[in-house]
Amino acid sequence: MAAVFLAGHPVGAGAPLAVVIAAYNEELSIAEVVAALPAQVGGLPLEIIVVVDGALDATAERAARAGALVCDVAVNRGQGAALRLGYFLARARGARIIATTDADGSTTPRSWRGW
């Protein structure tokens, strides 16, 4: 999956700040979560990478339409594996800073201190 993602989103071409979101069957909330994230933080451009972890719904499509870069993994391997993959992809694309948030909207950027 990483090779497919990086073929469409080249190594070294990403933003210095990435937000990684692990998502499993979050079609009802993922677009709102992606849309709530800012385009930049502290003057640094931000990109959003959603790792769709074996979802059986439209999570991948809705995340992509909302503006996220999407790595759609066919088999659910769990949140930890999805986050590790997301961190790898963010670093490969050139991120110097990586943050995470949830896919269900229970934590919003407005609640983050200092952003």
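Predicted model: local features only at pLDDT ≥ 70, side-chain atom pairs only at ≥ 80, totals over all residues.
Local features need pLDDT of at least 70 and side-chain atom pairs count only at pLDDT 80 or more, while totals for chains, interfaces and linings use all residues. Residues are numbered from 1 along each chain as its sequence is written, and side-chain values use heavy atoms, with hydrogens and water left out.

The largest nonpolar core holds 20 residues. Such a core is a set of buried Ala, Val, Leu, Ile, Met, Phe, Trp, Tyr and Cys residues joined through side-chain atoms within 4.5 Å. Buried means under 20% relative accessible area, exposed over 50%, and partly exposed in between (1.4 Å probe, protein chains only). I21, I30, I48, V50 and A68 have the most contacts inside this core. Two or more residues come from each of β1 (17-23), α2 (30-36), β3 (44-53) and α3 (59-65). Helices (H or I, at least four residues) and strands (E, at least two) are DSSP runs, numbered from the N terminus. A second, separate core has 18 residues, including L6, A18, I49 and L89. Leaving aside residues up to four places away in sequence, A68 touches V34, I48, V50 and A63; contact means heavy atoms within 4.5 Å.

The largest pocket is lined by 14 residues. A pocket is an open set of points on a 1 Å grid over the protein atoms alone where a 1.4 Å probe fits, with protein on both sides within 12 Å along at least five of seven lines; lining residues have an atom within 4 Å of a point. A22, A23, Y24, Q79 and A103 lie nearest the pocket's centre. β1 and α4 (79-93) each supply at least two lining residues.

N25 sits in the loop between β1 and α2. Its phi is near 50 degrees, a positive value in a residue other than glycine. Most residues other than glycine have a negative phi. N25 is partly exposed, at 31% relative accessible area.

The structure holds two salt bridges, each a side-chain nitrogen of Lys or Arg within 4 Å of a carboxyl oxygen of Asp or Glu. One joins E47 and R93 (2.9 Å, N to O). E47 lies in strand β3 and R93 in helix α4, so the pair ties together parts 46 residues apart in sequence. E47 is buried at 10%, and R93 is buried at 6%. R65 forms a salt bridge with E61, the closest N and O atoms being 2.9 Å apart. R65 and E61 are four residues apart in helix α3, or about one helical turn. R65 is exposed at 61%, whereas E61 is partly exposed at 49%.
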